[in-house]
Amino acid sequence: MEQAQVRNDWTLSEVKALFNMPFNDLLFQAASVHRQNFNPNKVQISTLLSIKTGACPEDCKYCPQSGHYKTDLERERLMEVEKVVEQARIAKSKGATRFCMGAAWSDPKDRDMPYIEKMVKEVKELGLETCMTLGMLDNDKAHALRDAGLDYYNHNLDTSPEYYQQIITTRTYQDRLDTLDHVRDAGMKVCSGGIVGMGEEAKDRYGLLMQLANLPKQPESVPINMLVKVKGTPLENVDDLDHFEFIRTIAVARIMMPKSYVRLSAGRTAMNEQMQSMCFFAGANSIFYGDKLLTTDNPEADSDMMLIKKLGMSPESVEDYSDEAYAASLESAIADKETSELFYPA
Ligand code: SF4
C-alpha cells in the first residue's frame, strides 16, 4: 500500500465513501495507515484532572458541568497549585506521560492566569508533558501559556458546523476555530476532536472529521468521545450510537489524520475489552488513564493496564521509559488501588 499522505482537502463525498466501505476493508486500511506511521503496539497514556469543576456559563447540552442544567455534580473551586502537582506526581508514578488539566470555564480570566501559569511550570518540571483545556483563548493568553511551558491545548470542535447549533448556543463554531488559531500561532500543539452519539446524523460525523482534517495543520491529538449520557443534561435520553459506527469513526479519523494521535476518550466505560481492542486495531493509540475522566466514569486505572498487557501492548514514553519502569508502574497500579481514588476531581 502506498504511503498515506497528510491531506487538508478532504471532500464530504470522500469521507462518506470511507465510512461506507465494507467493515473489514475499512479496518484493514486504517490498521495499515496506523502501522506506516506508528508502532501499533504502543499506546500513549494521558491523565486528566479537573482543576475547577462545574458552574460553567456555557450551555453544551452534553455536559454535566454546565451551570444551565441540574445534575448531581458537585461544584469545586479552582484547585490549589500544590494539590495539582501532587496528583501529577502520582499520575507519573502510574505511567502517565501527559498530564491534562481541565477547568469548566468559558475562558480563563486575567486573575486566574498567574495560578494557571504556575501550575504548568511545576507540572512540567516533573518531566510530564502538559495539556490544558480552559475554554476559549485569546492571542495574549495563548502566548502566556506557551511561555509558561504548556505543550498542548485542548479545544474540541464537538460536531459538524451544521449540527453545532443544536448542541451549543453560547459560543459559535467560529469562536472555536479562532481559539485553535491562537493556540497554533503561539506555537503550542493542538488537541481537538469531538463527540459522537449526540443524536447527530452520519453526515455530521463526516463533517466533524472533515473540519479537523482540513485545518491548516492537523491536530497532533484527536480525541474521539462517545457521549456519556448524564442525568439532568438535555441529551440524557438520546438514542445510543451503534458501536460499529463508533469504530468506523475511529478508523476514518486514523486514515484522514495519519500522523495524529487518535484518542479513545470519554465513553470507554460503556465499551467492553473487545470493543476497545477493535478501536486500537482501527488506529486509536492514546487513552486517558485514571478513575475519572473529568466528571464521568472512566474504567479503573488498573484494568486499563491489564488490558494493555493482555494485548501485548505497552505505554509509550516521553523519553526513557524503560521496560522496568513499565513493569513497576503496572505492579503499582495493580497493588495500589486505593490511591487511584485521588484521581477523582477534588
Ligand atoms: S463542555 Fe466545557 S465549555 Fe461546555 S459546558 Fe462543559 S465545561 Fe463548559
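1. Basis of the model. Because the structure is predicted, local features need pLDDT of at least 70 and side-chain atom pairs count only at pLDDT 80 or more, while totals for chains, interfaces and linings use all residues. Residues are numbered from 1 along each chain as its sequence is written.

2. The core. The largest nonpolar core has 88 residues, and those with the most contacts inside it are Y153, L209, I250, A251, A253 and A282. Such a core is a set of buried Ala, Val, Leu, Ile, Met, Phe, Trp, Tyr and Cys residues joined through C-beta atoms within 7 Å. Helix α9 (residues 243-256) contributes its largest share, eight residues; helices (H or I, at least four residues) and strands (E, at least two) are DSSP runs, numbered from the N terminus.

3. A282. Once its neighbours within four places in sequence are set aside, A282 is in contact with L27, A30, A31, I247, I250, A251 and R254, where contact requires the C-beta atoms, placed from the backbone, to lie within 7 Å.

4. The first annotated site. The UniProt annotation "binding site", from an unreviewed entry, covers C100, C131, C191 and R263. Although they span 164 residues in sequence, no two of their C-alpha atoms are more than 14.0 Å apart, so they gather at one spot. UniProt positions are given in the numbering used here, feature names are shortened, and annotations may be inferred rather than shown by experiment.

5. C100 and C191. C100 sits in strand β2 (residues 98-103), and C191 in strand β5 (residues 189-191). C100 counts as buried because it has 28 C-beta neighbours inside 10 Å, and C191 is buried with 28 such neighbours inside 10 Å; the cut-offs are 20 or more other C-beta atoms within 10 Å for buried, 12 or fewer for exposed, and partly exposed in between, with C-beta atoms placed from the backbone. Leaving aside residues up to four places away in sequence, C100 touches C131 and N154, among others, and the contacts of C191 likewise include C131 and N154.

6. A284. This residue, A284, lies in the loop between α10 (273-281) and β9 (286-288) and is buried, with 27 C-beta neighbours inside 10 Å. Beyond four places in sequence, the contacts of A284 include R263, which also belongs to the annotated site above.

7. The second annotated site. UniProt, again in an unreviewed entry, places "binding site" at C56, C60 and C63. C60 lies in the loop between β1 (42-52) and α3 (81-93), and C63 is found in the loop between β1 and α3.

Key: Contact = placed C-beta atoms within 7 Å.
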